Amino acid sequence: MRELQEGADRRLRAWRGRAAGGAALAAQPWHAARERLRAAEERTRLPIANVLVLVVALSLPFWPVIDSRWLRILVLVGIFVVLGLGLNIVVGYAGLLDLGFVAFFATGAYTYAILSSPASPALQADLNWWLAIPVVLAVGSVVGVLLGLPVLPLRGDYLAIVTLGFGEIVRILLLNVVGLTNGAQGLFNIPRPEFAGWVLEALDHWYWVLVLASFILAFAVGRMRASRMGRAWEAIREDEDVAAGMGVNTVKYKLLAFAMGAAIGAFGGLVFAGFFTFVNPSSFTLLVSINVLSIVVIGGMGSTPGVVLGALILIGLPEVLQFDETSRLLSLFNPIVPFADTSLWGRQLASARFIVFGLMLVAVMALRPQGIFAAARPQVRLPRASGR
Amino acid sequence: MATSPAEPTLRDEAATAMTRLRTRSLTMRFEGLVALDAVDLEVRPGAIHGLIGPNGAGKTTLFNVVTGYHRPTSGTIELDGRRIDGLLRHEIAEAGVSRTFQNIRLFGAMNVIENVLVGRHSKIAVAGVELAGRMRPHSDHRALAAVRALPSAPRAMLHGLLEVAGAIAQPPRVRQTERAAIEHCAELLQFVGLVGREHELANNLSYGDQRRLELARALATDPALLLLDEPTAGMNPAESASVVRLVRRIRDELGVTVLLIEHAMSVVMGVCERITVLDYGRKIAEGTPAEIQGNAAVIEAYLGTSAAQGGGRAAPRA
Amino acid sequence: MFWFDQLINGLTIGSVYALIALGYTLVYGILQMINFAHGEVFMLGAFAGYFVLLAVGGDDLGGATIIPAIVLAMFVAALASSSAAVVIERIAYRPLRNAPRLAPLISAIGVSVALQNIVLRMTGGRDRVYPRIFPGGSFGFGDFQVGYIQAFLIVASVLMMAALLVFIQRTRTGRAMRAVAENRATASLMGIDVDRTIVTTFVVGAALAGVAGVLQGLWIPNIRGTMGFLPGIKAFTAAVVGGIGSVPGAMVGGFFLGLTETVGRELLSAIPGVHLPNEWSDVIAFSLLVLVLVFRPTGIFGERVSRRA
C-alpha cells in the first residue's frame, strides 16, 4: 500500500516537474499569499482542533455555571444537532429541499416507542434502547427510500411542497392508526436506555452520550461527503443532468441522500423518545421541520460547524433568554431605555422566536445565502507531496 | 504523458473493423415537431467527425438522444456494435460516450479538480468488494421504472449500504482508487492546460478555461466517443485555434473519437475528416470537407447564408 | 339527501381552493416560482374581513345591512392581502430573482413562518370567531337543499373568476401579464414595465385570496394564524391538478379537489368497516398531489414544468 502511494507521489512529482506553468505560477507573489491562506485553512481542519472542541464539549458539565437547566437545554440542542446533521445531507449536500423532515424524526421515536413502551397496543417487544439503534437506523433509511421514490422526478419547489405533505400525512397517521400508535394519547413509560444495570438517566450522562453521538455522526457524515458519494451529491445539487452524463447514477445517490438523512433523523427521534420517555403526535408537527431547516440554513447549508452553531442559536438561545439571570441582566438597561421593562425582553424575544426565525430566513437568503458558517470548501486538493 | 489517461488504444484495436457510433433511422419527435428524421450516421473509430447544419437542424438533439437525455422515438444507436439506445444516461457514460454542452454546464460551486473527479466517479471503488451486475430500472415511465426495479431492490440496498460503509471506513482499495483518480484528473488538467487552477471554484474561471475544464471533465470518464457541442463558441480566433489544437491532441494522443458540432466553418473544415450535414432533422449530405464544400444541397441549405461569416474568421490551423 | 349535501360541501370548499389556487398559478406563470406565503396572504384576508365586520357592528348586523357590510369586508380584505403581497414581493422575492432556485423558496418559507406567528401572537394563540351574520337557512326542493351561505360562496367565487378572466383577456394590464409570463425579456423590450407587471400579478392573486379568506370565514367562522397552511397546500394541489400556470386549470382544479376530498372520503367511508375522520381529507388531497406530480405533471391543462430545474 505504502509503496503504491509513494510510486504515485513520485510519478506526480515527475509530472509536476514537467509542468512549467505551475512553476511559473508559484513564483508569483499573489500565489504565495494564497498558499499561506490555504495552509491556514488546512490547519483549522486538523484533528487537533476537533479534539479540542470535543474535550471542551465533554468538560462542560464540570463548569461551575452549568447547572441542570443548562444541561437540559444542551441535551435539547444536541438532539437538534443530530437532526440538523441529517437534514444537512439532504438539503446542504444534495440540494433537495425537504420540508417533511419531521417524518423521519417521528419514525425513529415511534419505532422505539412501539417496540418498548408498556402502553404500546401492538408489537411490544421490550426492546433495549441500545439494541434499538440499528433497528431505528434501518427503519429510518427504508422509510427515507420509500418517501424518496415518488419524489425522485421532482425538483426544487415541487419537492418541497410534496415533502411538506408527507410530514403532515405522517402526523395524521400517528393520530389515527390507533392500533399501533395509541392515537392522540401517545405512548408513555418508554424505558430509558439501560446497559448492564447502568440506566441512562442523569442529565450529564445524556449530555455526554449526545456529544459523543454527534461527533461520531459528524465524522461519518464528513467521510461520506469527502467520498465519491459526497461528490455525486454535490454534482446533483449543482446540475443533475450533467452529473448523470458523467456516469453518476442520480437515482441511486438521491435515494442514498434521503436514506442517510432519514436514518440520522430517525436516530434523533430515538434519542428524543429515550430522553423524554413519552411520545405523542403533537411533538411531531411542521414546526420541527421548520426548526431543523432554519438551523441548517442559518448555520450554513452544507456546513457541520454551522449545524452546531445554528442549533445553539435557534434552540439554545431562546431557552437561555428565559432565565431569571437574563432578566436581571437585561433590567440593567432599564435606566437608559424609557417606556419599557427591559427585564422582559428576553422572554418576549423567546416567545416570538418563530417570528424571528422566519425573518432570519429571509434576511440570510438576501444578505448571506451561505449562512453564518460557509461550508468548508474546497474539499479535494492535490496531495501536498506534489511539492508546490 | 507518462501514463495515458485513457486506454482507448486497446479499445481501438478491438474495434478497428467496426464503426464507433452508428445510428440507424434515428427519429425524434416532440409533440408534432420532427427534430430528427430517420438519421443514419456513422462515425469511424479515431475520426474527428463534424456535424453541421443551420440553427434548429437537430444537431444538439442528436447529441441529447445519443447520450440518453432524450429517448428516441424510433431507430437504434450502437457504440462499437453494442446497442446503447434505451440505456440510462449514466450507463451510456459508462459505456464510453461523453459530452460537453453548448452553454457551458459546470458544477459551479465545486472546485476545478472536483469537477473532473465527478467524471471519474465510476472509476473509484465502492468498497473493498465488487458486486456483479447492476440495478437497472428502465422504462418509458419513470414511476413504472421504480415498480419494475422492485425485484432488484434488495441488491440495490446492499449496494447502497456498501457505498456508505466504504465511504465511512475508507478501506485501502477505496483510498487507493481515489488517489489514483485525483492523480489522473491532475494529469487531465495538465493536458487541457489548466495547471495551477486546480483549487479554484469552477464559477471563477474565465470563459475559455471553463471550456477547457468541461473538456477535462468529459475526458475523465475514459470515453471512446466524445461529443463536443460548439467547443469554440464565443471564443476569439486565438482561443479558438488553441481549442482546435486540443481537439486534435485528444484524438491523436488519447485516441478518443470525436464528434463535434460547430458553426464556425473554418474550424469544421480545418479539423474534421468527415462531415455530416443536417437540415430540418434530415441528413442532407455526408463526406470529406472538400465534398461538402462542393455539395449543392449544402450550399443551398447552409453555406449560402453563413459561409461569409465563417470565412471571416482566422484559420485555426496549428 | 346525504350525497347531495356532500356534493355541495365539496363545491363550496372547492370554490375557496379555486380562488387561492389562482394566486399560485398567476405567480407561477410569471415567475416560475411557488409563492409559499400565499396561504398566509389568504389568512391575512380572513383577519382583515373579521375586523371590518366587528367594526361595523359584529353580531348585531342584520337584514339589509349585511350585504354592504360583507362587500366592505371583502374589499378591505382584498386591500390588506394585496398590500401584504406587495411588501412580501419587495423584500423577500425581488432581491432574489436571479439567485439560485432554492433561495426564494427558503425566503418564502421564512415569510410564511413569520406571518403565521405574528398573527398567532397578536391573537394570543386563540381562535377568533366570525360574527354569524349570514342567514342560516337553505333553499331547494325536497331532500335537495342548498344552504344560502354555500350558494353565496359558490356564486361569489364564480363571479370573481369571471371578472379575472375578463381582466386578463381584455385589459391592457392583463395583456402585459400574459406577455411577461410568455417571455420576460421580450416583454421588457416591448416596453412593458416587468417589475410593475410582476407586482400587479401578486396584487391580483392576493386580492382573490383575501376575498377567499372572508368567504371561508363567513362559512367556517373560526380563524387563527395557522389557518392558511392547509388551504395553501391544497390550493397549490388544485393548481397543479389543473396544470400550474393555467388560469382555467386552477379554477377547475379547485372544484375538483374540493369534490375529491369530501366525496372521496365519504366514498371510502362507505366501505364496510372503514371509518375515516375529517383529517383524511388532507391525506386524500396530498396523495392526489403526489400522484398527479408523478404520473401527470402537466395536470389537466398545463405545460410540463415540474421537472424543470
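Biologist: What kind of model is this?
Modeller: This is a predicted model.

Biologist: How many helices and strands does chain A have?
Modeller: Chain A has 17 helices and four strands.

Biologist: And what share of chain A is buried?
Modeller: Of its 388 residues, 55% count as buried. Chain A exposes about 15800 Å², and carbon and sulfur atoms supply 69% of that area. Among the contacts in chain A with a separation of 6 or more, 78% are between residues 24 or more positions apart.

Biologist: What does the secondary structure of chain B come to?
Modeller: Chain B comes to twelve helices and ten strands. Buried residues make up 58% of the 318 residues in this chain. Chain B exposes about 12800 Å², of which carbon and sulfur atoms supply 52%. As for contacts in chain B between residues at least 6 apart in sequence, 71% join residues at least 24 apart.

Biologist: Let us look at the sheets. What is the strand order in the open sheet of six strands?
Modeller: The order is β6-β7-β8-β3-β9-β10 in chain B, with mixed pairing. The edge strands are β6 (97-99) and β10 (282-287) of chain B, each of which pairs on one side only. Neighbouring strands of this sheet are turned by 20° against each other on average, direction ignored.

Biologist: In which sense do β7 and β8 of chain B pair?
Modeller: Strand β7 (residues 225-229) and strand β8 (residues 257-261) of chain B pair in the parallel sense, over five bridges. Within this pair, L226(B) stands opposite V258(B) in β8(B).

Biologist: Which helix lies across β6 and β7?
Modeller: That is helix α8 (residues 207-219) of chain B, which runs at about 155° to β7(B).

Biologist: Now the open sheet of four strands. What is its order?
Modeller: The order is β2-β1-β4-β5 in chain B, with antiparallel pairing. At the edges stand β2 (33-43) and β5 (82-83) of chain B; each has a single partner strand, so one side of each is left without a neighbour in the sheet.

Biologist: How many bridges join β1 to β4 there?
Modeller: Five bridges join strand β1 (residues 21-30) of chain B to strand β4 (residues 74-79) of chain B, and the two run antiparallel. L21(B) stands opposite L79(B) in β4(B), while T27(B) has S74(B) as its bridge partner.

Biologist: What do β4 and β5 of chain B form?
Modeller: They form a hairpin with two residues between the strands, and D80(B) in the turn has a positive phi of about 50°. The two strands pair in the antiparallel sense over two bridges, and the bridge partner of E78(B) in β5(B) is R83(B).

Biologist: Changing topic, which residues have the most contacts inside the largest nonpolar core?
Modeller: Those are L97(A), W233(A), V279(A), F284(A) and F36(C), in a core of 222 residues. A second, separate core has 50 residues, including I48(B), L213(B), V244(B) and C272(B).

Biologist: What does F36(C) touch?
Modeller: Leaving aside residues up to four places away in sequence, F36(C) touches L99(A), A160(A), I161(A) and L164(A) from chain A, and Y93(C), L105(C), A108(C), I109(C) and S112(C) from chain C.

Biologist: Last topic, cysteines. How many disulfides does the structure hold?
Modeller: The structure holds zero disulfides over all chains.

Biologist: Is C272(B), then, buried or exposed?
Modeller: C272(B) is buried, with a relative accessible area of 5%. C185(B) is buried as well, at 0%.

Key
Residues numbered from 1 in each chain as written. Chains lettered and ligands numbered in written order. Predicted model: local features only at pLDDT ≥ 70, side-chain atom pairs only at ≥ 80, totals over all residues. Heavy atoms only, no water. Disulfide = S-S within 2.5 Å. Buried < 20%, exposed > 50% of the residue type's maximum accessible area, 1.4 Å probe, protein only. Pairing = 2+ DSSP bridges. Axes fitted to C-alpha atoms, helices over the stretch in contact; angles between N-to-C directions. Contact = heavy atoms within 4.5 Å. Areas by Shrake-Rupley, 256 points an atom, 1.4 Å probe, with all protein chains shown as cover. Core = buried A, V, L, I, M, F, W, Y, C linked by side-chain atoms within 4.5 Å.
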